[in-house]
Amino acid sequence: MNEQNEGDKSMVTETLFRKERKKSGGAPKCGCLGLPCVCSTCQHKPRLNVNKAGTPGFRAPEVLLKSSDQTPLIDIWAAGVTFLSLLCHQHPVMRPADDEEAIAQIAVLFGTAPLQHYADKIGVSLLAEPVFPGLDIVKFVRAVREGVITKGDQLRCTSCKILFYGNSQGICLCKSTEETSLSQLSPEERQVFEVLLRCLTVDPSERYSAEMLKNYFY
């Protein structure tokens, strides 16, 4: 971006900031919401320093969104990703270049809405565009493991055609069919996917704990 565009962007930001400050009676407020820049108010906010442990691709949403409340449940998420890799016969399933890409990959797989709800819950501003509905976990695992199988009666989806490599026919893998896919599995297979989904629940308060997993299997 050239210097003139940078200057124009800065002027727009400062103008909005001044308007917001005037409305609030002098108390400075953010003037960069929805803009591809950071206003002076946000630049002077204290930096949020939280733990960010874990291997890229295995970090839980609470780590990626810099939640100050990180518990051993981050390890349950990592175990869930490992479990997903085993089911897909592919390691790693997710290989993000940075935290932003990691969040985007989680949004594609599990949907934007759960991430948005959790971000709102912990007071984090998450601007996600475009919005993803999430994928049918059963179809996703089969597609990664065996390739996308084309059948004449399957739904077609432009988004899935773009997102999923090798899906030239645009077979729909969206989450809307997940309940049906789960119901068609054997009881043992369904149990496997139910445990997987509970380990990979975006909100850690709804995720299986180690004790719950122990009670589940023993």
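Is Arg145 buried, exposed or partly exposed, and what is its relative accessible area? In this predicted model, Arg145 is partly exposed, with a relative accessible area of 34%, because that value falls between the cut-offs of under 20% for buried and over 50% for exposed. The chain around this residue has eleven helices and zero strands, and 37% of its 218 residues count as buried.

**Overall fold**

- Among contacts between residues at least 6 apart in sequence, 53% join residues that are at least 24 apart.

**Nonpolar cores**

- The largest nonpolar core holds 43 residues, and the members that touch the most other members are Leu84, Leu115, Ile137, Phe140 and Phe193.
- Two or more residues of this core come from each of helix H3 (61-64), helix H4 (73-88), helix H5 (99-110), helix H6 (112-121), helix H7 (137-146) and helix H10 (187-199), and H5 gives the most, with seven residues.
- Leaving aside neighbours within four places in sequence, Leu115 is in contact with Pro61, Leu65, Ile103, Ile106, Ala107, Leu126 and Val202.
- A second, separate core has six residues, among them Leu73, Val195, Tyr208 and Leu213.

**How H7 meets H10**

- Two packed helices are described by the angle between their axes and the distance between the axes.
- The axes of H7 and H10 come within 11 Å and cross at roughly 105°, which makes H7 roughly perpendicular to H10, because angles of 65 to 115 degrees count as roughly perpendicular.
- On the H7 side Ile137, Val138 and Val141 take part, and they meet Phe193, Leu196 and Leu197 in H10.
- Sorted by class, this contact of H7 with H10 has six nonpolar, no polar and no charged residues.

**Salt bridges**

- The count of salt bridges comes to five, and three of them are described here, including the pair of Glu62 and Arg207, whose closest N and O atoms are 2.9 Å apart.
- Glu62 lies in helix H3 and Arg207 in the loop between H10 and helix H11 (210-217), and this pair links distant parts of the chain, 145 residues apart.
- Both Glu62 and Arg207 are buried.
- The side chains of Lys121 and Asp203 also meet in a salt bridge, at 3.0 Å from N to O; because Lys121 lies in helix H6 and Asp203 in the loop between H10 and H11, the pair ties together parts that are 82 residues apart in sequence.
- Where do the two partners stand in terms of burial, buried or exposed? Lys121 is exposed, with a relative accessible area of 53%, because the value is over 50%, whereas Asp203 is buried at 12%, because that value is under 20%.
- Arg145, the residue of the opening question, meets Glu146 through a side-chain salt bridge of 3.7 Å, N to O, while Arg145 itself is partly exposed.

**Ser181 in H9**

- Ser181 is found in helix H9, which covers residues 178-183.
- Ser181 counts as buried because its relative accessibility is 9%, and buried means under 20%.
- Not counting residues up to four places away in sequence, Ser181 touches Asp136, Val138 and Lys139; of these, Val138 is also one of the H7 residues that take part in the meeting with H10.

Terms used:
Residues are numbered from 1 along each chain as its sequence is written. This is a predicted model: local features need pLDDT of at least 70, side-chain atom pairs count only at pLDDT 80 or more; totals for chains, interfaces and linings use all residues. Side-chain values use heavy atoms; hydrogens and water are left out. A nonpolar core is a set of buried Ala, Val, Leu, Ile, Met, Phe, Trp, Tyr and Cys residues joined through side-chain atoms within 4.5 Å. Buried means under 20% relative accessible area, exposed over 50%, partly exposed in between (1.4 Å probe, protein chains only). Helices (H or I, at least four residues) and strands (E, at least two) are DSSP runs, numbered from the N terminus. Contact means heavy atoms within 4.5 Å. A salt bridge is a side-chain nitrogen of Lys or Arg within 4 Å of a carboxyl oxygen of Asp or Glu. Axes are lines fitted to C-alpha atoms, for helices over the stretch in contact, and angles run from 0 to 180 degrees between N-to-C directions. Angles under 35 degrees count as roughly parallel, over 145 as roughly antiparallel, 65 to 115 as roughly perpendicular and the rest as oblique. Ala, Val, Leu, Ile, Met, Phe, Trp, Tyr, Cys and Pro count as nonpolar, Asp, Glu, Lys and Arg as charged, and the others, Gly among them, as polar.
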